[in-house]
Amino acid sequence: MRRLNLQKTENMAADMRLPTFRKQVSLSPSLSALDGKDLVVPGDVITSDTGFMRGHGTYMDEEKLTASVAGEVERVNKLVCVRPLRTRFNGEVGDVVVGRITEVQQKRWKVETNSRLDSVLLLSSVNLPGGELRRRSAEDELTMRDYLQEGDLISVSSDLTLTSNLGPFSFIAEVQSVFSDGALSLHTRSLKYGKLGQGVLVQLSPSLIKRQKTHFHNLPCGASIILGNNGFVWLYPAPGQQDEEAGGYYTSLEPVSLSDREVISRLRNCLLALGAHKVLLYDTSVLYCYESSLPHQIKDILKPEVMEEIVMVTRQKLVEQEG
């Protein structure tokens with residue numbers, strides 16, 4: 001028995017990680033402008049000029065504009081405010097939002113969008129299968145869970161459209177308005193967006209998502225990504241050709257190949273690495289991080305030393321692009 005135990009012990013592989021000295025890379029001003037500028041903490045004096053107006057996240061202390069939260073200083077003409085680095089999502093019309101159905105109520109759905117209040121999707125604002133245009137009846141109200149049910153994922157695109165992933169299904173709508181209490185009102189707009197297939201949801205801080213004209217990207221690595229302004233990122237295989245006659249309700253339920261799953265898993269770990277090092281997330285930074293992680297195995301990306309190396313190379317590529 002002792003010989004067998006010794007033989008098993010000799011055959012076991014040990015994963016050892018030793019600390020190494022890494023050369024410190026000084027960040028150029030262009031990189032500082034990329035990741036954020038004018039960061040303040042509570043109590044920091046933003047300006048003593050009385051010509052500025054006080055915005056959110058600031059207060060007046062002895063005629064000096066002072067920060068009340070930790071975040072980035074934003075100036076719009078004479079208005080100065082501080083956008084917190086860690087906060088709930090404050091939605092606006094046109095934001096890309098990935099959310100989840102939390103409750104089915106009378107003639108409406110409640111959607112969790114990482115904001116202070118749940119968003120609202122009315123039954124009268126949902127496209128019927130096949131794009132049928134008619135008034136909603138009592139029968140439609142009884143079959144609401146056939147369209148959307150608890151746990152289904154949805155997302156809102158930057159051109160005011162909303163796409164939802166219902167497990168294997170998806171739904172499309174748009175941000176109609178923002179209520180006085182801050183809740184978002186959603187409604188459908190076009191059938192061309194339709195259903196989506198399987199994917200992975202990654203939850204990050206809303207402050208790390210860069211605002212762009214489009215938040216739907218087909219990456220060259222063979223996967224697609226939806227960068228929600230609320231910090232929810234949806235990864236899924238690159239879509240193929242869809243049947244337009246299906247009225248936007250066609251989705252592929254075929255099993256995802258191993259290569260696609262590996263690409264999505266690598267992108268997921270890259271997003272977590274960028275989020276841990278507070279790097280702004282958009283299509284270019286995600287793609288550079290993916291390319292920098294190729295020499296490493298997928299499971300090793302989240303190791304602290306590997307994560308630091310990948311993010312450092314990504315930042316250098318972003319600096320070279322800006323330069």
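**Working chat on a predicted model**

Guide: In this predicted model, 60% of the protein's contacts between residues at least 6 apart in sequence join residues at least 24 apart.

Visitor: OK. How many helices and strands does the protein have?

Guide: Seven helices and 18 strands.

Visitor: And what share of the residues is buried?

Guide: Buried residues make up 42% of the 323 in the protein.

Visitor: Let's go to T314. Where is it?

Guide: T314 belongs to helix α7, which covers residues 304-322.

Visitor: Is T314 buried or exposed, and why?

Guide: T314 counts as buried because its relative accessible area is 0%, and the cut-off for buried is under 20%.

Visitor: What is T314 in contact with, leaving aside neighbours within four places in sequence?

Guide: The residues in contact with T314 are L274, S285, Y288, C289 and S292. Of α6, the buried residues include S285, Y288, C289 and S292.

Visitor: Then α6 itself. How many of its residues are buried?

Guide: Eight of the ten residues in α6 (283-292) are buried, and the helix is mostly covered.

Visitor: Which ones?

Guide: T284, S285, V286, L287, Y288, C289, Y290 and S292.

Visitor: And what do they pack against?

Guide: The buried residues of α6 pack against strand β17 (223-227) and against helices α5 (258-276) and α7.

Visitor: Change of topic: cysteines. How many disulfides are there?

Guide: The count is zero.

Visitor: Is C270 buried or exposed?

Guide: C270 is buried, because its relative accessible area is 0%.

Visitor: And C81, buried or exposed?

Guide: C81 counts as buried because its relative accessibility is 17%, with the limit set at under 20%.

Visitor: On to sheets. What is the strand order in the open sheet of four strands?

Guide: The order is β1-β6-β7-β3, and the pairing is mixed.

Visitor: Which strands are at the edges?

Guide: β1 (39-40) and β3 (53-54) are the edge strands, each pairing on one side only.

Visitor: How many bridges join β3 to β7, and do they run parallel or antiparallel?

Guide: Two bridges join them, and β3 and β7 (residues 79-84) run parallel. Across that pair, R54 stands opposite V80 in β7.

Visitor: What about β9 and β10: which way do they run?

Guide: β9 (residues 108-112) and β10 (residues 119-122) run antiparallel and are joined by four bridges. V111 stands opposite S119 in β10.

Visitor: How many residues lie between β9 and β10?

Guide: Six, and the two strands form a hairpin. In the turn, N114 has a positive phi of about 65°.

Visitor: Last topic, the surface. Which residues make the nonpolar patch?

Guide: M53, V76 and L79 make a nonpolar surface patch of about 270 Å².

Visitor: Where is V76?

Guide: V76 lies in strand β6, residues 71-76. That strand is part of the open sheet of four strands.

Visitor: And why does V76 count as exposed?

Guide: V76 counts as exposed because its relative accessible area is 52%, and the cut-off for exposed is over 50%.

Conventions
Residues are numbered from 1 along each chain as its sequence is written. This is a predicted model: local features need pLDDT of at least 70, side-chain atom pairs count only at pLDDT 80 or more; totals for chains, interfaces and linings use all residues. Side-chain values use heavy atoms; hydrogens and water are left out. Buried means under 20% relative accessible area, exposed over 50%, partly exposed in between (1.4 Å probe, protein chains only). Contact means heavy atoms within 4.5 Å. A disulfide is a pair of cysteine sulfur atoms within 2.5 Å. Two strands pair if DSSP finds at least two bridges between them. Patches are made of residues with over 30% relative accessible area and no salt bridge: like charges are joined within 9 Å, nonpolar side chains (Val, Leu, Ile, Met, Phe, Trp, Tyr) within 5 Å. Accessible areas come from the Shrake-Rupley method with a 1.4 Å probe; for residues, only the protein chains shown count as cover. A salt bridge is a side-chain nitrogen of Lys or Arg within 4 Å of a carboxyl oxygen of Asp or Glu.
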